[in-house]
Amino acid sequence: MGSSLRKSFIAGNWKMHLTLSESAALAREVRGAASEAGPEVALCVPFTAIGVVKDAVQGGPVQVGGQDMHWEPQGAFTGEISARQLVDAGCKVVVIGHSERRRYFGDTDETVNKKLKAALGAGLLPIVCIGETLDERESQKTYRVLETQVKGAFSGFKPQDLSTTVIAYEPVWAIGTGKTATPAQAQDAHTFIRKLVARTVDEKLAARMRILYGGSVKADNIDSLMAEPDLDGALVGGESLKAANFVRIIQFKTQAGKERKA
Ligand code: PGA
């Protein structure tokens, strides 16, 4: 449940789902349930839906995000979108280096680093995704993989550059599989990541940096995940497409039925 230094943050990752009318309807339901007193909430939606989702959440606390971006401000990059274009369309947030981008579309620690630089330069709040595969976990390489990904993403940045940056720890084996990391497994990875940021970038930054958990987060496991001290929120895929379930997730409770005041 994080620390008072870190406001909780729940982001939905809609991936390649929903038509425009479905997007608007879902966004309106989320807006209706989100409150300033609750966690920060963002909806990371397909590029084509940014406009309708922005209109649907207008005037409320829900922010709109992209799911990826290119690091150049403009140019001959067919099919790509720049940070500036995301901002122009109404985004405040962007997901960078999601494992599906790394696995199917060639994102590397180096391109994640360039995208992070461009996102911060454009004033977007970046959610940088890291996480190990099942093979890596089973061969005891989890920490090594996380270390390489964090160092690669943050290479060349000063601590003050990274003050808004959010990390999402998403074990690849838990994404879309229904296999959630146990709260203890997630807490262990989050502690490792926070200590790593303290050691390799800056201690104060690490204490303030929000680290989200992602991978089969659901309405019925969010409370136990959020009870862990180093889990500051969640990046939610499948369940963010179901209004009632996502609403329950943003209204997570941490102790004895009490809603958490973020
Ligand atoms: P999931 O996806 O919640 O469907 O496992 C999470 C993610 O990919 O961000």
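Student: Where is the place of Ala-27?

Tutor: Helices here are DSSP runs of H or I with at least four residues, strands are runs of E with at least two, and both are numbered from the N terminus. Ala-27 has its place in helix α1. One thing before we go on: this is a predicted model, where local features need pLDDT of at least 70, side-chain atom pairs count only at pLDDT 80 or more, and totals for chains, interfaces and linings use all residues. Residues are numbered from 1 along each chain as its sequence is written, and side-chain values use heavy atoms, with hydrogens and water left out.

Student: Does Ala-27 count as buried or exposed, and why?

Tutor: Go by relative accessible area: under 20% is buried, over 50% is exposed, and in between is partly exposed (1.4 Å probe, protein chains only). Ala-27 counts as buried because its relative accessibility is 0%.

Student: How many residues apart in sequence are Ala-27 and Leu-241?

Tutor: They are 214 residues apart in sequence, yet their C-alpha atoms are 9.7 Å apart in space.

Student: On to the strands. Which way do β1 and β2 run, and how many bridges join them?

Tutor: Strands count as paired if DSSP finds at least two bridges between them. β1 and β2 run parallel, with five bridges joining them. To judge the hand yourself, point the strands away from you: the crossover is right-handed if the path from the first strand over the helix to the second runs clockwise.

Student: Which residues of β2 are on one side and which on the other?

Tutor: Glu-40, Ala-42 and Cys-44 are on one side, Val-41 and Leu-43 on the other, and all are buried, so both faces are covered. β3 (residues 62-66) is mostly covered too, with four of its five residues buried.

Student: In what sense do β2 and β3 pair, and over how many bridges?

Tutor: The sense is parallel, over four bridges. Leu-43 has Val-64 of β3 as its bridge partner, and Cys-44 stands opposite Gly-65. With helix α2 (residues 50-57), β2 and β3 make a right-handed β-α-β unit.

Student: And how many bridges are there between β3 and strand β4?

Tutor: Two, again in the parallel sense, with β4 spanning residues 93-96. Gly-65 stands opposite Val-93 there. From β3 the chain crosses through helix α3 (residues 83-89) to β4, in a right-handed β-α-β crossover.

Student: Now the ligand. Which residues around the ligand come nearest?

Tutor: A residue is near a molecule if one of its heavy atoms lies within 4 Å of it. The ligand has 13 residues around it, and Lys-15, His-98, Glu-170, Gly-176 and Ser-216 come nearest. For classes, Ala, Val, Leu, Ile, Met, Phe, Trp, Tyr, Cys and Pro are nonpolar, Asp, Glu, Lys and Arg are charged, and the others, Gly among them, are polar. That gives a shell of four nonpolar, seven polar and two charged residues.

Student: What is 2.8 Å from an oxygen atom of the ligand?

Tutor: That is an N or O atom in the side chain of Lys-15. A polar contact is a pair of N or O atoms within 3.5 Å; within protein, one must be able to donate a hydrogen and the other to accept it, and residues adjacent in sequence count only if both atoms are side-chain atoms. A polar backbone atom of Gly-176 is 2.7 Å from a ligand oxygen, and for the side chain of Asn-13 the distance is 3.5 Å. The protein buries 95% of the 280 Å² that the ligand exposes taken alone, with areas from the Shrake-Rupley method and a 1.4 Å probe, and for residues only the protein chains shown count as cover.

Student: What is phi of Lys-15 near?

Tutor: Most residues other than glycine have a negative phi. Lys-15 has a positive one, near 50°, and is found in the loop between β1 (9-13) and α1 (20-33). Ser-216 has a positive phi as well, about 55°, and is found in the loop between β7 (211-214) and α10 (222-226). Ser-216 counts as buried because its relative accessibility is 9%.
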